[in-house]
Amino acid sequence: MTSYLLVRSLSRRLMLGLLASQFALPMLAGRVQAASFDEIKKRGLIVATEDDFRPFEFVKDGKPTGFDNELIEDLRKYAPFEIKQEILPWTGILAGVSTGKYDVAITAAIITKERKQSLDFTSPIADATHYYVKRKDDKSISSIKDLNGKAVGVQAGSALLARLPELGAMLAKDNGKLGKIVEYTSYPEAYQDLALGRVDYVVNTVINLKTLVAEKPVFELGQPVSGKSFPAWAVAKGNTDLLAFLNGFIAKEKETGRFAELQKKWFGEAFPNLPVTFEPEF
Amino acid sequence: MSGGDIAAIFQGAVVTVSLSLVGILIGLPIGLGLALVRWANVPIAAGIVTLYVSMLRATPLVTLLLLLFFALPNVGVPIGPISAAIVALVMNTSAFNCEVWRSALMNFPKDQYEAAQSVGMRAAQRFRRIVLPQIVRVSLPGLVNEMSLLIKVTPVLAVVGVVDITRAAVRIGSETYEPLPPFLVAVALYAPIVFALVSLQRWIERRQVAAEAAA
């Protein structure tokens with residue numbers, strides 16, 4: 001009986017220890033720094049890209065393509081070290097960069113105040129003013145004020161969601177307000193629901209929506225629903241050497257005209273007046 | 001949807017099947033081992049196993065996977081997406097398998113075990129000849145159930161960049177803006193995979209019945 005009791009109390013202590021380790025692990029995770037630029041030069045640069053964010057990055061016939069993927073091809077020639085690419089869904093990308101799993105997120109991450117607390121952003125790669133898109137046959141929407149009370153689809157955890165209050169303020173001028181907000185893990189589902197009539201409009205960046213309406217004429221592009229907004233590549237906070245290196249690459253691509261060429265190819269227009277740095281208000 | 005797209009979904013199917021198989025093949029014996037530790041009431045170890053099983057049964061697979069993938073490198077264990085996926089699958093399925101095996105062990109008639117002891121069989125012999133064949137038969141439906149759940153839970157592995165059937169379908173949908181055709185192909189692929197597993201179960205069961213009839 002005593003031995004039984006001993007076993008019980010031992011296992012209880014173990015249980016406490018194991019429980020404590022559950023809390024210790026995230027604390028350890030918070031303290032670790034991202035790889036320095038010197039380490040990156042030795043082991044190669046690990047870039048993370050998305051797989052379902054057309055036209056920036058997507059997969060066609062099993063191969064990554066899009067604006068950012070073509071830039072990565074150029075980056076391979078530009079960089080004096082190896083470039084290793086990891087392709088994964090949006091969900092894990094920024095977390096992976098801030099924990100040092102990846103060195104840079106080469107995707108269209110919109111620069112926001114909140115994200116700037118844990119990440120640093122390169123020069124903007126495009127104009128990402130937010131627009132709404134609606135069904136072409138939906139005659140009830142013809143301008144911003146018609147969006148009053150209508151259901152909107154937007155990506156969960158996105159900058160677009162965070163800046164919906166801006167649209168709310170626009171609507172409030174005509175005594176309107178935002179309707180139901182439906183959040184999706186990614187945009188393809190939001191577009192599908194828009195087509196099915198489960199939401200009345202979807203908010204995304206002008207580039208994504210232009211590509212969408214060009215491909216799917218059942219949708220129609222609306223008007224801007226936000227102020228200035230820019231997407232950029234993200235590195236871990238304080239990784240200034242890597243940031244300078246990437247900004248140097250972007251500046252060179254702009255200079256040679258390659259940047260404008262790729263923007264025209266993938267977005268349908270070039271953005272010649274992009275700022276070199278951007279301080280977000282939101 | 002192009003031919004390349006269909007090929008991409010089939011490539012996803014290869015990933016789904018191989019990761020599930022690896023998960024099952026490693027998770028099955030580990031589950032049995034855990035169940036035996038609890039059944040035999042091994043001091044200390046039995047308590048740890050109880051804790052391990054209840055903790056893992058309470059942890060969603062996707063959470064466990066993200067924890068392994070993002071936290072392990074920070075404590076000095078580099079882990080890639082595929083290995084993180086396998087470790088998470090094995091940890092998850094072994095906990096559930098343990099309980100299926102244990103239910104069979106708990107119902108195992110003690111007198112048979114004692115009879116085997118009395119004819120001088122050693123522990124390993126008793127286990128291999130008397131216990132194992134009988135608990136396998138009792139556990140099989142529950143284990144196959146858990147295996148088919150494992151196959152269908154593989155889409156969560158996509159969060160760390162593993163491209164399974166569903167992720168391949170999502171990618172195609174976002175490229176063509178037509179999500180329905182790739183999803184239909186995806187659904188049509190899961191059915192035969194699970195059906196193959198169930199057929200294997202039936203085949204094993206039939207063989208056992210035939211073996212008993214012969215005895």
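**Figure 1. Contacts around Leu65(B) in the predicted model.** Leu65(B) touches residues well away from its own stretch of chain. With neighbours within four places in sequence set aside, its contacts are Ala84(B), Ala85(B), Ala88(B), Val156(B), Leu157(B), Val159(B) and Val160(B). Leu65(B) also belongs to the largest nonpolar core, where it is among the residues with the most contacts.

**Figure 2. The largest nonpolar core, 118 residues.** Val104(A), Val202(A) and Leu65(B) have the most contacts inside this core. Its top contributor is helix 4 of chain B, residues 81-106, which gives 13 residues. In chain A, domain 1 (37-127 + 230-267) and domain 2 (130-224) both give residues, so the core lies between them.

Figure 3. Read from the N terminus, its elements run α-α-α-α-α-α-α-α. The C-alpha trace spans about 70 × 50 × 20 Å along its principal axes. Of its 215 residues, 37% count as buried. Take the contacts in chain B between residues at least 6 apart in sequence: 76% of them join residues at least 24 apart.

**Figure 4. Where chain B meets chain A.** The contact involves 27 residues of chain B and 36 residues of chain A. On the chain B side, four helices each supply at least two residues: helix 1 (3-39), helix 2 (45-58), helix 3 (61-71) and helix 7 (165-176). By class, this side of chain B comprises 16 nonpolar, 8 polar and 3 charged residues.

**Figure 5. The two domains of chain A.** Domain 1 covers 37-127 + 230-267, and domain 2 covers 130-224. Their C-alpha centres lie 27 Å apart. At the boundary, 10 residues of domain 1 are in contact with 9 residues of domain 2. The domain 1 side of this boundary has 6 nonpolar, 1 polar and 3 charged residues.

**Figure 6. An open sheet of 5 strands in chain A.** The strand order is 5-1-6-13-7, and the pairing is mixed. Strand 5 (83-87) and strand 7 (119-121) stand at the edges. Each has a single partner strand, so one side of each is left without a neighbour in the sheet. Neighbouring strands are turned by 35 degrees against each other on average, direction ignored.

**Figure 7. Strands 1 and 6 of chain A, with the helices that pack on the sheet.** Strand 1 (residues 45-49) pairs with strand 6 (residues 104-110) in the parallel sense, over 2 bridges. Ala48(A) stands opposite Ala105(A) of strand 6. Helix 4 of chain A, residues 90-98, packs on the sheet and touches strand 1, strand 6, strand 7 and strand 13 (231-236). Its direction makes about 125 degrees with that of strand 6. Helix 10 of chain A, residues 240-255, also packs on the sheet, touching strand 6, strand 7 and strand 13. The direction of helix 10 makes about 150 degrees with that of strand 13.

**Figure 8. Strand 11 of chain A and its partners.** Strand 8 (residues 130-135) runs antiparallel to strand 11 and is joined to it by 5 bridges. Here Tyr132(A) has Val203(A) as its bridge partner. Strand 9 (residues 152-155) pairs with strand 11 in the parallel sense over 2 bridges. On that side, Val152(A) stands opposite Tyr201(A).

**Figure 9. Val202(A), a buried residue of strand 11.** Val202(A) lies in strand 11 of chain A, residues 201-205. It has 29 C-beta neighbours inside 10 Å; the residue counts as buried because the cut-off is 20 or more. Beyond its neighbours within four places in sequence, Val202(A) is in contact with Tyr132(A), Val133(A), Val152(A), Gly153(A), Val154(A), Ala190(A), Tyr191(A) and Leu194(A). Val202(A) is also one of the residues with the most contacts inside the largest nonpolar core. Pro80(A) is 122 residues away along the chain, and the C-alpha atoms of Val202(A) and Pro80(A) are separated by 42 Å.

Methods. Residues are numbered from 1 along each chain as its sequence is written. Chains are lettered from A and ligands numbered from 1 in the order in which they are written. This is a predicted model: local features need pLDDT of at least 70, side-chain atom pairs count only at pLDDT 80 or more; totals for chains, interfaces and linings use all residues. A nonpolar core is a set of buried Ala, Val, Leu, Ile, Met, Phe, Trp, Tyr and Cys residues joined through C-beta atoms within 7 Å. A residue is buried if 20 or more other C-beta atoms lie within 10 Å of its own, exposed if 12 or fewer, and partly exposed in between; C-beta atoms are placed from the backbone. Domain bounds come from an automatic or database domain assignment. Two residues are in contact if their C-beta atoms, placed from the backbone, lie within 7 Å. Ala, Val, Leu, Ile, Met, Phe, Trp, Tyr, Cys and Pro count as nonpolar, Asp, Glu, Lys and Arg as charged, and the others, Gly among them, as polar. Two strands pair if DSSP finds at least two bridges between them. Axes are lines fitted to C-alpha atoms, for helices over the stretch in contact, and angles run from 0 to 180 degrees between N-to-C directions.
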